[in-house]
Amino acid sequence: MNNILIIEDESVTRTMYTGFIQRIAPKFQIYEAGNVLEGICLCFHKHPRLILLDMIMPAYSGKLLIDIIEEGIKNRIISFQPKIIVISAIETVEELTALTGRFSVTSVMPKPLPFDTLTEILKLHLKL
Amino acid sequence: MNNKIRFLIVEDDEMIRLIHKDFLGDLYPECDIIEAENGAQGICHYFESRPDIILLDMMMPIMGGEAFLDILEEGHQTNILKDKPKIIVVTAIKDVKELMSIGKRFAVEAVISKPLVQTQLKSLLQDWIPKNE
């Protein structure tokens with residue numbers, strides 16, 4: 001499915017990501033979630049090819065989605081495997097190592113997001 | 001609902017899962033029973049299989065029952081989810097206030113304290129699943 005899911009609690013940032021991705025990948029349908037719980041529901045509902053995931057959000061962090069997707073893949077419960085691009089204001093090496101070590105995480109990007117790098121990542125993973 | 005009802009058991013204790021499974025299998029021999037050993041697996045099974053009735057433990061590794069309920073409730077609030085499974089929370093929590101707050105949740109139909117009183121579960125299920133249907 002040509003769907004992309006953006007999970008980000010700040011609405012201005014979300015809108016900015018959406019506008020940017022629409023220009024890069026106009027054939028993709030973009031879905032937005034304002035928190036990880038909504039993001040999990042949309043993920044299972046829309047089976048996105050790519051997820052842009054903010055890590056630090058109120059109540060539940062992006063880790064919850066990663067945990068669920070990895071449990072689903074490891075135990076062969078789910079048949080889809082989205083490419084997860086984590087966006088995080090990384091502060092420690094331990095944090096970066098923990099994120100990059102997760103098998104479901106395709107890339108980890110710093111916040112604020114460098115759009116030229118994102119463009120390259122989107123082109124690579126969406127085969128644009 | 002009929003005898004072909006689909007159950008999802010979300011419970012980390014293998015022995016309790018087996019007890020639930022035997023009990024449900026005896027009551028409804030033609031039912032489908034899906035098992036998950038934590039909330040994360042449970043959510044995956046929920047979205048993949050859309051069970052009619054869920055037996056949900058609250059305290060589990062990786063992801064507990066509270067996050068499971070939060071996800072489903074968010075799905076309903078945002079109209080992503082249309083169907084509403086009947087969720088029976090089966091918990092070892094003893095604190096009355098905590099039990100009451102779980103029981104008041106939108107997604108929860110009933111709360112049963114562990115060790116599971118099977119007559120309680122049987123009576124709930126018989127209300128929801130009429131015989132000979």
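**Close-up views of a predicted two-chain model**

**View 1. Helix α2 (residues 36-46) of chain A packs against helix α3 (residues 65-77) of chain B at an angle of about 75°, with the axes 8 Å apart.** α2(A) is therefore roughly perpendicular to α3(B) (65 to 115 degrees). Axes are lines fitted to C-alpha atoms, for helices over the stretch in contact; angles run from 0 to 180 degrees between N-to-C directions. Helices (H or I, at least four residues) and strands (E, at least two) are DSSP runs, numbered from the N terminus. This is a predicted model: local features need pLDDT of at least 70, side-chain atom pairs count only at pLDDT 80 or more, and totals for chains, interfaces and linings use all residues. Residues are numbered from 1 along each chain as its sequence is written, and chains are lettered from A in the order in which they are written.

**View 2. A:L37, A:E38, A:I40 and A:C41 of α2(A) meet B:D70, B:I71, B:E74 and B:G75 of α3(B).** Contact means C-beta atoms, placed from the backbone, within 7 Å.

**View 3. A:I40 touches A:L65, A:I68, B:I43 and B:I71, leaving aside residues up to four places away in sequence.**

**View 4. An open sheet of 5 strands in chain B runs in the order β2-β1-β3-β4-β5, with parallel pairing.** Strands pair if DSSP finds at least two bridges between them. β2 (32-36) and β5 (108-113) of chain B are the edge strands, each pairing on one side only. Neighbouring strands are turned by 20° on average, direction ignored.

**View 5. Strand β1 (residues 6-10) of chain B is joined to β2(B) by 5 bridges, and the two run parallel.** B:R6 stands opposite B:D32 in β2(B).

Methods. Angles under 35 degrees count as roughly parallel, over 145 as roughly antiparallel, 65 to 115 as roughly perpendicular and the rest as oblique. Two residues are in contact if their C-beta atoms, placed from the backbone, lie within 7 Å.
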